[in-house]
Protein chains: 2
Amino acid sequence: MDIADLRDRILKQDRRALARAITLVESARPDHRAQATALLDELSKAGKQSLRIGLSGTPGVGKSTFIESFGMMLTAQGLRVAVLAVDPSSARSGGSILGDKTRMERLSRDRNAFIRPSPSQTHLGGVARRTREAVALCEAAGFDVVLIETVGVGQSETVVAEMSDLFLLLLAPAGGDELQGVKRGIMEMADVILVNKADGDLKATAMRTCADYAGALRLLRKRPQDPEGFPKAMTVSALEKNGLATAWGEMKALTTWRKEEGHWTYRRAAQAQFWFHEEVKQGMLARLGQGEAPRQLAHFDAKVATGELSPGQAAKEMLDHLS
Amino acid sequence: MDIADLRDRILKQDRRALARAITLVESARPDHRAQATALLDELSKAGKQSLRIGLSGTPGVGKSTFIESFGMMLTAQGLRVAVLAVDPSSARSGGSILGDKTRMERLSRDRNAFIRPSPSQTHLGGVARRTREAVALCEAAGFDVVLIETVGVGQSETVVAEMSDLFLLLLAPAGGDELQGVKRGIMEMADVILVNKADGDLKATAMRTCADYAGALRLLRKRPQDPEGFPKAMTVSALEKNGLATAWGEMKALTTWRKEEGHWTYRRAAQAQFWFHEEVKQGMLARLGQGEAPRQLAHFDAKVATGELSPGQAAKEMLDHLS
């Protein structure tokens with residue numbers, strides 16, 4: 001594969017080149033990995049930046065409808081929007097939450113939008129790397145906004161927050177008691193909480209829920225990266241397309257403030273370092289599958305199983321041997 | 001420290017030597033770590049085995065009362081009982097769930113019982129290793145039963161199950177709807193579910209809850225390590241000491257069957273291999289804190305922060321350099 005050509009075409013916003021590059025970063029083949037690393041390094045030098053928006057919400061809150069309505073509003077303003085997903089659970093079902101793109105039917109046909117399903121992976125670490133690299137590719141391809149979606153399971157929010165500039169939490173209207181269902185750790189990540197379905201019979205409930213969350217947000221510790229009034233809770237109706245422009249206005253205001261105050265640059269740098277450290281750790285662990293290591297592991301496995309060596313002693317001998 | 005002397009005293013069931021050895025395995029100092037590894041390897045050759053019982057239950061189910069009553073019943077039969085805890089959350093509170101031992105006041109004064117609080121640790125991996133090593137020390141010190149307790153948070157059950165021969169899940173009487181509160185993954189680990197507080201006003205509810213869980217257990221996939229009738233749900237009253245002898249009888253029957261059928265040996269071997277692999281992984285990651293690595297990390301951190309290198313490229317260069 002001609003990496004220089006692929007780079008040039010991505011920088012010229014060629015969608016097919018982008019799709020091909022994402023397939024490349026999703027590949028586990030060592031030669032593909034080397035090419036992907038080289039490509040990403042080249043593209044990072046172009047210095048293009050999108051607004052990366054992380055979006056979390058449990059099934060049923062209307063995430064697909066929100067992405068469709070919100071994405072269509074942005075493309076109508078002339079913005080180019082990419083949608084990616086982090087879904088570790090898709091490994092189990094063998095498919096992807098974005099599946100056949102019928103979830104966001106109109107947006108998927110929009111020339112200014114690019115929707116990429118989550119790759120099937122056996123572990124969150126693999127999903128995280130591939131998604132992060134897909135984000136970088138979309139960024140290089142000149143998308144103004146990259147939406148990174150996650151179903152709220154396990155640690156996937158943390159992973160998405162580590163690759164986002166803004167983190168949105170989408171919630172459904174609910175009784176006061178259910179407020180506790182949102183884990184504190186997730187609340188603390190949110191920059192904007194959007195209570196969806198503020199329409200029809202649920203409108204009043206949505207407004208009450210929003211007030212509840214606004215109150216809960218005020219109880220959290222103040223973060224340096226927030227101007228007055230943030231994090232913020234708002235109601236939206238993805239179905240009736242209400243509140244989306246207001247929410248977008250708040251996101252832009254927050255982004256502008258963070259850029260002016262240096263928080264944007266600081267966060268981007270911290271995230272790059274975080275992923276560098278993750279890659280180094282994964283690389284160290286990958287050595288256990290290379291060269292003599294698998295044979296050594298099997299050798300000590302046998303001794304550990306019979307009790308000839310304790311796990312700790314076997315590990316010590318194996319590590320001494322490896323270095 | 002004289003490791004040979006410590007070994008001999010532990011094998012002679014010297015409680016002070018045991019306590020000292022546990023302090024040794026809890027130490028992070030490299031020289032202590034080397035001594036601990038040597039000690040554990042020596043003791044593992046003695047081949048003593050306890051019945052290791054993992055016990056999980058969320059706060060409020062009466063876990064302390066259960067351990068006290070169950071432990072006292074065992075010591076009254078002449079058995080020696082050790083109680084350890086895996087509590088990753090204790091790192092946050094700075095203390096230990098076992099705290100001042102007043103939770104199990106009578107058992108802690110029993111000559112045939114040994115209670116050791118969970119060490120404060122910043123991550124589950126550290127807690128896991130130290131607890132596993134403390135289990136091995138108690139085993140070498142001739143305890144017949146080692147109870148390993150965990151509060152049901154995050155992945156601590158998985159860790160405890162990986163160091164137990166039997167896994168008990170302690171639950172409180174509850175309405176039918178709350179049955180879903182127990183995660184399927186935890187249910188699948190349980191060998192025996194004990195619905196506690198089957199006394200007074202809650203007795204009928206406890207029996208209904210027990211029947212609900214018995215039904216839920218029947219829906220799970222059959223495991224090779226279970227004889228007919230297991231996993232099993234039973235009611236107990238830790239407060240009134242009812243059902244404890246019956247539960248213990250079931251645990252002994254299950255253990256006998258598993259020993260006869262080879263499952264005991266197989267599981268012990270698989271667990272030893274699991275912990276060997278964990279130790280090797282931790283050892284690989286520990287190399288990032290040794291020698292030239294920290295300086296290299298800092299060097300690349302600076303390049304990654306400014307965007308001079310992408311995280312993946314920096315990781316590649318760092319790993320090439322390290323090897």
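Predicted model: local features only at pLDDT ≥ 70, side-chain atom pairs only at ≥ 80, totals over all residues.
A disulfide is a pair of cysteine sulfur atoms within 2.5 Å.

**Exercise 1. Cysteines**

Task: Find how many disulfides there are over all chains, and determine whether Cys138(A) is buried or exposed and whether Cys210(A) is buried or exposed.

Solution: 
- Step 1. Applying the 2.5 Å cut-off gives 0 disulfides over all chains.
- Step 2. Buried means under 20% relative accessible area. Cys138(A) is buried because its relative accessibility is 0%.
- Step 3. Cys210(A) has a relative accessibility of 10%, so this residue is buried as well.

**Exercise 2. The fold of chain A**

Task: Describe chain A by its secondary structure, its share of buried residues and the sequence separation of its contacts.

Solution: 
- Step 1. Chain A has 14 helices and 7 strands.
- Step 2. Of the 323 residues in chain A, 52% are buried.
- Step 3. Take the contacts in chain A with a separation of 6 or more; 75% of them join residues 24 or more positions apart.

**Exercise 3. The interface of chain B and chain A**

Task: State how much area is buried between chain B and chain A, then work out which residues and elements of chain B supply the contact.

Solution: 
- Step 1. The size of an interface is often given as the accessible area lost when the parts come together. Between chain B and chain A about 3400 Å² is buried, and carbon and sulfur atoms give 70% of this area.
- Step 2. Phe276(B), Met284(B) and Arg287(B) contribute 19% of the area that chain B buries against chain A, more than any other three residues.
- Step 3. Each chain puts residues into the contact: 40 residues from chain A and 40 residues from chain B.
- Step 4. For polar interactions, the count is 0 salt bridges between chain B and chain A, while 10 residue pairs are in polar contact across the interface.
- Step 5. On the side of chain B that touches chain A, two or more residues come from each of helix 3 (30-44), helix 12 (263-286), helix 13 (293-305) and helix 14 (311-322). Helix 12 of chain B gives the largest share, 12 residues.
- Step 6. Sorted by class, this side of chain B holds 21 nonpolar, 10 polar and 9 charged residues.

**Exercise 4. A glutamate in chain B**

Task: Locate Glu157(B), classify its accessibility and name the partner of its side chain.

Solution: 
- Step 1. Glu157(B) belongs to helix 8 (residues 156-161) of chain B.
- Step 2. With a relative accessible area of 5%, Glu157(B) is buried.
- Step 3. The side chain of Glu157(B) is in polar contact with the side chain of Ser56(B), at 3.2 Å.

**Exercise 5. Backbone exceptions**

Task: Characterise the peptide bond from Phe230(A) to Pro231(A), the peptide bond from Phe230(B) to Pro231(B), and the phi of Gln13(A) and of Lys197(B).

Solution: 
- Step 1. Most residues other than glycine have a negative phi, and most peptide bonds are trans.
- Step 2. The bond from Phe230(A) to Pro231(A) is cis, with omega near -10°. Pro231(A) sits in the loop between helix 10 (203-218) and strand 7 (232-235) of chain A.
- Step 3. In chain B, the bond from Phe230(B) to Pro231(B) is cis, with omega near -10°, and Pro231(B) lies in the loop between helix 10 (203-218) and strand 7 (232-235).
- Step 4. Gln13(A) is not a glycine, yet its phi is positive, about 65°. Gln13(A) occupies the loop between helix 1 (3-11) and helix 2 (15-26) of chain A and is partly exposed, at 36% relative accessibility.
- Step 5. Lys197(B), also not a glycine, has a positive phi of about 70°. Lys197(B) is in the loop between strand 6 (192-195) and helix 10 of chain B; at 27% relative accessibility, Lys197(B) is partly exposed.

How values were computed
Residues numbered from 1 in each chain as written. Chains lettered and ligands numbered in written order. Heavy atoms only, no water. Buried < 20%, exposed > 50% of the residue type's maximum accessible area, 1.4 Å probe, protein only. Contact = heavy atoms within 4.5 Å. Buried area = accessible area lost by both parts, 1.4 Å probe. Salt bridge = Lys/Arg side-chain N within 4 Å of Asp/Glu carboxyl O. Polar contact = N/O pair within 3.5 Å; in protein donor to acceptor, adjacent residues only side chain to side chain. Helix = DSSP H or I, 4+ residues; strand = E, 2+ residues; numbered from the N terminus. Nonpolar A, V, L, I, M, F, W, Y, C, P; charged D, E, K, R; others polar.
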